[in-house]
Amino acid sequence: MKTRKRIPLSLLVTVIMSVVLLLVDIGLTVFFTIRSYESTTNIIKSKLVENATTIASLLDANEVGFLTYEDKENNTERYQKAYKVLSSFQTHSSSENVNAELAYVYLLVKIDGKIVFSVDPSDDPGEFLKEEPINTPGMIEAFAGKTSLDDKPYTDRWGTLYSGFAPVIKNSGATSEVVAVVGVDVWADYVNSQVASSAISVSLVSFVTIALGVTLSLSLTYVMRQRLNGLSKDLVALESDIQGLVGDIEAPLNNVVDFEQEIVVEKEEGKKPIENIRAKLTNLHNEIVRYMNYAEEQASIDRLTKLANRNAYSIVTKLINEQIEKGELKDLVVAVYDVNGLKIINDENGHDIGDALLKISANMIKIVYGTENSFRIGGDEFVIVYRGNEEEFKAKNVECLGLIDQFNQTNIDYPFEISLSVGYSVYEVGQDKNLLDVFRKADKNMYDQKNKFYENHRKNR
């Protein structure tokens, strides 16, 4: 009777573990793809609400709810102020093919019980105080005084969009009234593309991991078998009485003794294929995570405030230093803004409130100076690299501080008032050898202002 040859136990164990690892990786791929979809969608939607709330806090409730046709026709100061705040947050005009964070930013009011468009800085605005938008659940909740978000996209004449809303509330003594609602839209296609991109990235990484895992498993299995065969030949040549052990290794492994002998041989070689597979897969995952963290750190935008970060500041520093060296730089002002009392806010209200203080402060800086000139280089420190003369900068600084005063006077949502210490320095041709020289003077002036602030607020400190 012909004896059926059995699969060696070492090979069988390797194959089984490879299959298990493959199934685990497939399961992780599905899990992380689903989590990526949910996370990406929630992040984008939460940004809508955050932007709507920030914009609403910057608008004057005593003005925006009472704009008239005459305000728009004559382009009055209060109309201009509302228009400027709204337009500063809009990413682009009206191209659905552009992957933009905010497609539209606009103001809604109620006239005779009907919701109509008010200020709308887009290229294709809703007709002022006449055109009625589709009344979505989120929009209706906002007019009831609640910041809200539409869970599903709605299609109107501008396209298919997700929308977030925040009320602009006027307080009169003990009563409050919703005088207007800020609406922000993002393209549904943009949301879907971001979700798809995230899912594809996760799937691609997982596919590469699985492919490498299978390849490593097969390669290690082959190498292990080759090593065992070579070891068997060496044992036969060295000592004849080891022939039985070599035969046991090469023959079917049917009992505990044979298995233990095989393990001994593998330990002598110092190789554990199953552990090697897992170790290499773990190393691959770690390398991917390390690369993603590196790429994120090298990005030019600060994740919390959306201002340019320290890396972007280093690039600008290099360019300006080259201009100074060539004698091409003329007008330049460097300013340092520092948030007062951030530590106290964090200690008393938590870091979420402290982050809100930083984000709102950064938004005001961005409105006045633009993202390309504003940098977050530390926890509560912002640097402005302003290409203009001192008088122009002073006007900008007054505008920035005015926005802060307006926020502090109308703020009802946050348990803080914004206070910034500012110091600036003007580039002096022939004296300042690089941007760092200008920055140091500005930083010193800022700390002088900060010390004066704390001398006047010792109790709060």
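Start by selecting Val64: leaving out residues up to four places away in sequence, Val64 touches Leu59, Ala82, Leu107, Val109, Val168 and Ala180. Keep in mind as you click around that this is a predicted model. Val64 sits in helix α2, residues 61-64. Is Val64 buried or exposed? Val64 is buried, because its relative accessible area is 3%, and the cut-off for buried is under 20%.

Next stop: helix α14, residues 435-456. Its 22 residues reach 32 Å from the first C-alpha to the last, close to the 32 Å expected at 1.5 Å a residue. Zoom in on the start of α14, where a side-chain oxygen of Asn434 comes to within 3.1 Å of the backbone nitrogen of Leu436.

Now colour the buried residues of α14: Leu435, Val438, Phe439, Ala442, Asp443, Met446, Lys450 and Tyr454. They cover an arc of only 135 degrees around the axis, so they lie on the same side of α14. What do they pack against? Show α10 (310-326), β7 (333-339), β9 and β10 (420-426) to see their partners.

Last, pick Glu381 in strand β9, residues 381-386. Beyond its neighbours within four places in sequence, Glu381 has contacts that include Asp443, Met446 and Tyr447. Glu381 is buried but has no salt bridge; Arg310, the nearest side chain of opposite charge, is 5.9 Å away.

Terms used
Residues numbered from 1 in each chain as written. Predicted model: local features only at pLDDT ≥ 70, side-chain atom pairs only at ≥ 80, totals over all residues. Heavy atoms only, no water. Helix = DSSP H or I, 4+ residues; strand = E, 2+ residues; numbered from the N terminus. Buried < 20%, exposed > 50% of the residue type's maximum accessible area, 1.4 Å probe, protein only. Lys, Arg positive; Asp, Glu negative; His and termini not counted. Salt bridge = Lys/Arg side-chain N within 4 Å of Asp/Glu carboxyl O. Contact = heavy atoms within 4.5 Å. Expected span 1.5 Å × (residues − 1). Arc of directions from axis to C-beta. Polar contact = N/O pair within 3.5 Å; in protein donor to acceptor, adjacent residues only side chain to side chain.
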